[in-house]
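Okay, thanks for coming, everyone. Let me put the structure up, and then I'll walk you through how its pieces pack.

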Amino acid sequence: MVMPSSGPADLADKVVVLTGATGDIGQATSWALADCGAIVVATDIHESSDVFDADERIDYRPLDVTSRASADEVIANVMADHGRLDIAVLAAGIATTNPIDKVEEDEWATVMDINVYGVMNIARAVVPIMRERGFGKIVAIGSIAGRLGGVASGAAYAASKGAVHALIKNIARNNANQGIYANAVAPGPVSGTMWGEVIHGGNPPDPARWVPTERFGTPSDIAQAIVYLASPQSNWVTGQVLDVNGGMLMV
Ligand SMILES: NC(=O)c1ccc[n+]([C@@H]2O[C@H](COP(=O)([O-])OP(=O)(O)OC[C@H]3O[C@@H](n4cnc5c(N)ncnc54)[C@H](O)[C@@H]3O)[C@@H](O)[C@H]2O)c1
């Protein structure tokens, strides 16, 4: 029998932990998930943040994704406070622009530490909890850089995002029969701090020369793709890298 499909994403009572939450995409995603009814634990490296002060649906906690102790403590506290953890959105990341012949060891190590170890570190903490309940959704943010080898970002960044895509597929493959879904969103250039300031020093290029839609993405464009992968609407989707890039990459 064909069952009627459900309406808009319903995340009522779902507990979400989000990293990199005070960044452009993290903020948009925190609010989008809260709008779907989720209880959002928004984390970032800053000891405190007033970004979510006006929104009682969102609870901010400091979490450095490169610290196993920090990850384990926050996840344990979420379990103690909420008794469940359904969704993890892994948005923390940094970008650098050096090509391979200019990359120094410390740049390489820092990018890998935050972008790859940071994803592994939280996934390692949440997968056993999700397995025990037989349900969980993990959404990491990769990048078009991991697909194309970088568009304006550097060697370390492109390599780190390729690693995120592969890691997510490994988590998906090994936990699909445990009710755990793991996917990545691979954004193209998104207007905001990382693309505009970090990569282009405050002078981003003309989107019409880069993107078929002739505009860069918005944080909300990416947040809506994350909501889809966090919601029951994507319940047979796992191990995927969802390209959200205004048509810059068509495969
Ligand atoms: N903006 C883009 O054009 C774009 C494109 C493709 C992919 N992405 C990816 O999307 C994600 C979000 O990017 P954004 O545009 O919101 O950038 P952003 O710089 O606005 O946000 C990144 C956030 O990560 C946090 N962070 C950095 N190091 C951390 C650490 N050790 N522990 C915890 N948090 C840490 C920062 O404090 C910041 O809030 C990143 O993974 C980025 O690589 C962004």
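Predicted model: local features only at pLDDT ≥ 70, side-chain atom pairs only at ≥ 80, totals over all residues.

Helix 3 and helix 5, which is residues 155-175, have axes that come within 9 Å and cross at roughly 15°. Angles under 35 degrees count as roughly parallel, so helix 3 and helix 5 are roughly parallel to each other. As for the hand, helix 3 passes helix 5 in a right-handed crossing. Who's touching whom? On the helix 3 side you'll find, among others, Glu107, Trp108, Val111 and Met112, and on the helix 5 side the residues include Ala156, Tyr157, Ser160 and Lys161. By class, that contact divides into 14 nonpolar, three polar and three charged residues.

Let's step back to the whole chain for a second. You've got seven helices and seven strands. Reading from the N terminus, they go β-α-β-β-α-β-α-β-α-α-β-α-α-β. And how does the overall size look? For 251 residues, a compact globule would have a radius of gyration near 18 Å, and this chain has 17 Å, which agrees. If you'd like a box to picture, the C-alpha atoms fill one of roughly 50 × 45 × 40 Å along the principal axes.

Helix 2, residues 68-82, has an axis that comes within 9 Å of the helix 3 axis, and the two cross at roughly 35°. That crossing is right-handed. Here Arg68, Ala71, Asp72, Ile75 and Met79 of helix 2 meet Asn121, Ile122, Ala125, Val126 and Ile129 of helix 3. Sort those by class and you get seven nonpolar, one polar and two charged.

Next pair: helix 1, residues 24-35, and helix 7, residues 219-230. Their axes are 8 Å apart, and the helices pack at an angle of about 50°. That makes helix 1 oblique to helix 7. The contact comes out as 10 nonpolar, four polar and one charged.

Last stop, the ligand. Which residues come nearest? Out of the 29 around it, those are Gly20, Gly23, Ile25, Ala92 and Gly93. The elements giving two or more residues to that shell are helix 1, helix 3 (105-133) and helix 6 (193-199). Class by class, the shell has 15 nonpolar, 11 polar and three charged residues.

Terms used. Residues numbered from 1 in each chain as written. Axes fitted to C-alpha atoms, helices over the stretch in contact; angles between N-to-C directions. Helix = DSSP H or I, 4+ residues; strand = E, 2+ residues; numbered from the N terminus. Parallel < 35°, antiparallel > 145°, perpendicular 65-115°, else oblique. Nonpolar A, V, L, I, M, F, W, Y, C, P; charged D, E, K, R; others polar. Near = placed C-beta within 6 Å. Rg over C-alpha atoms; globule rule 2.2 N^0.38 Å. Left-handed = near helix turned anticlockwise from the far one by under 90°. Contact = placed C-beta atoms within 7 Å.
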